[in-house]
Structure formats: structure tokens, C-alpha cells
Amino acid sequence: GLKPYFHGSPSDFEPDRIEFELAQCRKIGFAVDLGEMQVGVHAVAAPVFGLGGKLVGSLAVVGTFPKEFAEKYGRDVAKAAGGFSRSIGGA
């Protein structure tokens with residue numbers, strides 16, 4: 001199976017947190033990073049699926065937008081990723 005990419009020190013890796021964040025992404029349709037990778041830089045991303053429902057990538061918005069915009073941007077990115085997935089034959 002796929003192994004998640006982890007940025008940072010391996011000693012900081014928290015498997016339970018990764019599982020929680022993946023479950024949250026499945027539930028709401030997008031993932032959020034509010035300055036954890038880079039202070040002041042926020043990101044929202046949603047999965048892109050190809051044929052057979054296979055994960056082929058993600059669609060993301062990364063920038064200095066206010067934290068308060070993350071939920072709206074996340075929903076918009078998830079909607080766009082869904083449309084893109086359908087356009088390439090995914091679900």
C-alpha cells in the first residue's frame with residue numbers, strides 16, 4: 001500500500017495523528033495545513049482519483065491566505081478535485 005510522505009524529523013512522526021488526519025480528510029473531502037510545514041503558509045488539498053478510483057494525485061491551494069479561509073477554500077478545492085477526477089475518468 002501507499003505510505004504517507006513525512007516532512008521533518010522521523011522522531012516527530014506520529015502514526016496516530018496521520019491516521020486521524022487521513023480519516024478527517026476522507027470525512028470532509030480535503031486536508032488542511034495551517035502553518036505547520038512553514039510558518040505563515042497555509043494549504044488545503046484534496047485527492048484526485050483516476051480510473052478505477054485509483055489515487056493519482058492531489059489538487060492544492062498553498063499560500064498566505066488567512067486561517068479563517070481554510071474551510072471555504074478546502075470545500076472549493078474538494079469540489080474542483082472531484083470535477084477534475086471525473087474529467088479524467090475517475091470517480
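First, the ground rules. What we have is a predicted model, in which local features need pLDDT of at least 70 and side-chain atom pairs count only at pLDDT 80 or more, while totals for chains, interfaces and linings use all residues. Residues are numbered from 1 along each chain as its sequence is written, and side-chain values use heavy atoms, with hydrogens and water left out.

I start with the strands. Helices and strands here are DSSP runs numbered from the N terminus, a helix being H or I over at least four residues and a strand being E over at least two. Two strands pair if DSSP finds at least two bridges between them. Strand β1, residues 31-34, pairs with strand β2, residues 42-49, in the antiparallel sense, over four bridges. In that pairing, alanine 31 faces alanine 45 of β2. On to β3, residues 55-63: this strand runs antiparallel to β2, and eight bridges join the two. There, valine 44 is opposite valine 61 of β3. β2 and β3 make a hairpin with five residues between them, and glycine 52 in the turn has a positive phi of about 70°.

Next, the aromatic rings. Rings of Phe, Tyr and Trp (its six-membered ring) pair if their centres lie within 6.5 Å; planes under 30 degrees apart are stacked, over 60 edge-to-face, and the rest tilted. By this rule there are two aromatic pairs. Why is the pair of phenylalanine 65 and tyrosine 73 edge-to-face? Because the planes of the two rings stand at 65°, with the centres 4.9 Å apart. The other pair joins phenylalanine 69 to tyrosine 73, also edge-to-face, at 5.5 Å centre to centre and 70° between the planes.

Phenylalanine 65, at 8%, counts as buried. Tyrosine 73 is partly exposed at 27%, and phenylalanine 69 is partly exposed at 38%.

Last, cysteine 25. This residue sits in helix α1, residues 15-28. Is cysteine 25 buried or exposed? Its relative accessible area is 17%, so cysteine 25 is buried. Leaving aside residues up to four places away in sequence, cysteine 25 touches Phe30, Ala31 and Pro47, where contact means heavy atoms within 4.5 Å. The C-alpha atoms of cysteine 25 and alanine 43 are 13 Å apart, with the two residues 18 apart along the chain.

How values were computed: Buried < 20%, exposed > 50% of the residue type's maximum accessible area, 1.4 Å probe, protein only.
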